[in-house]
Amino acid sequence: MVSDQNRRGGEKIGSLSARAFTVPTDQPEADGTLSWSSTTMIVAEARAGECSGLGYTYADPVVATLINAKLADHVVGRDACALQDAAAALWREVRNLGRSGIAACAISAVDIALWDLKAKLLDIPLVDLIGRRRDEATVYGSGGFTTYDDATLAAQLSGWVADAGCEAVKMKIGSEPRRDPHRVAAARAAIGDAALYVDANGAFSPRGALRMARDLEAFGISWFEEPVSSDDLAGMAFVRDRVGPAIDVAAGEYSFTADDTRMMLQAGATDVQQIDLTRCGGISGFLQSASLCDAFHVDVSAHCAPAAHLHVVCAAPRFRNLEWFHDHVRIEAMLFDGAPQARGGKIRPDLSRPGHGLMLKEKDAQRYAV
């Protein structure tokens with residue numbers, strides 16, 4: 001239990017540090033435009049008095065260097081409850097570095113840590129600090145990498161339906177477009193009547209995406225993610241305007257600022273707007289983008305990092321679902337005590353713990369330290 005002084009606020013941030021951990025994948029993975037064999041998590045820790053807050057992002061180890069060498073000096077000494085003041089200082093500090101990419105990921109990890117810290121100082125669950133709207137979040141299974149053979153693909157997708165209770169699953173397409181109808185047919189056979197999503201990671205041209213959508217309509221796909229590059233807002237809107245009414249177009253995982261989200265919404269590029277708090281400025285940035293989606297009457301889907309997103313999506317307006325991404329679910333279970341488990345297609349915040357409830361498993365994480 002924290003002291004009454006901490007409950008009133010005024011505690012100063014005493015330290016901020018970050019570490020990187022690189023975890024090999026369980027087998028080779030690829031999507032429509034990239035392949036990889038490991039994933040790096042950067043964990044930030046902010047301390048005030050006897051409390052500490054944890055935040056993280058998935059990016060390059062250089063993010064930890066940026067936090068330790070540049071950002072920490074602009075956070076330490078600030079009021080631990082003045083979150084908007086800290087966020088503004090961080091964005092101001094990276095002005096000449098460029099806000100998107102590495103800088104945004106670094107700020108995201110720090111911001112999540114600061115929100116967790118404040119909730120712990122106030123001795124309340126993070127979702128209640130933000131403002132709870134719901135007690136659980138719907139998840140959809142995500143993976144289905146283009147490196148998988150048919151048996152591996154079917155086993156993974158059907159497992160999310162049977163074991164985790166997911167009512168929707170997502171697979172990657174675009175590496176070998178000629179094989180995609182066969183792969184999607186195998187997925188449909190494995191999952192029965194569950195909703196089937198596909199993600200091209202920007203692999204197609206606008207017309208190529210339309211051709212693929214028409215080839216896959218027979219298998220009942222209901223979600224086409226990044227059919228073209230998210231940088232091509234006109235191309236995204238072109239596809240969205242022309243695909244069948246049963247297919248929602250989704251994108252937004254590479255929106256690093258609220259401005260990125262705003263421009264995508266103004267372009268009419270999506271039916272479902274993805275937001276990733278590990279890239280868009282943490283919880284502060286997520287809430288900004290979610291408010292924009294509410295104003296545009298567009299549903300929000302949280303991208304990956306389910307343990308980090310759990311509390312904020314239970315506070316977000318117009319929330320549709322959260323991505324239960326294979327890599328991140330595996331890593332978060334390995335490295336965090338308190339990582340959520342999907343049951344009945346839902347995950348729920350642990351309201352018995354202050355903050356977001358995650359603690360780094362130091363001994364388990366050390367073997368992956370960079």
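Axes are lines fitted to C-alpha atoms, for helices over the stretch in contact, and angles run from 0 to 180 degrees between N-to-C directions. Helices (H or I, at least four residues) and strands (E, at least two) are DSSP runs, numbered from the N terminus.

This is a predicted model: local features need pLDDT of at least 70, side-chain atom pairs count only at pLDDT 80 or more, and totals for chains, interfaces and linings use all residues. Residues are numbered from 1 along each chain as its sequence is written, and side-chain values use heavy atoms, with hydrogens and water left out.

Next, show the sheet. It is open, with three strands in the order S1-S2-S3 and antiparallel pairing. Strands S1 (15–30) and S3 (51–58) are the edges; each has a single partner strand, so one side of each lacks a neighbour in the sheet. Neighbouring strands are turned by 20° against each other on average, direction ignored.

Zoom in on S2 (residues 35–48) and S3. Eight bridges join these antiparallel strands; pairing takes at least two DSSP bridges. Pick Glu45: opposite stands Leu54 in S3.

Now go to Ala305, in the loop between strand S10 (299–302) and helix H12 (306–313). Its phi is positive, about 40°, although it is not a glycine. Ala305 is buried, at 0% relative accessible area (buried is under 20%, exposed over 50%, partly exposed in between; 1.4 Å probe, protein chains only).

Last stop: Arg318, between H12 and strand S11 (319–325). Phi is positive here too, near 50°. Arg318 is partly exposed, at 31%.
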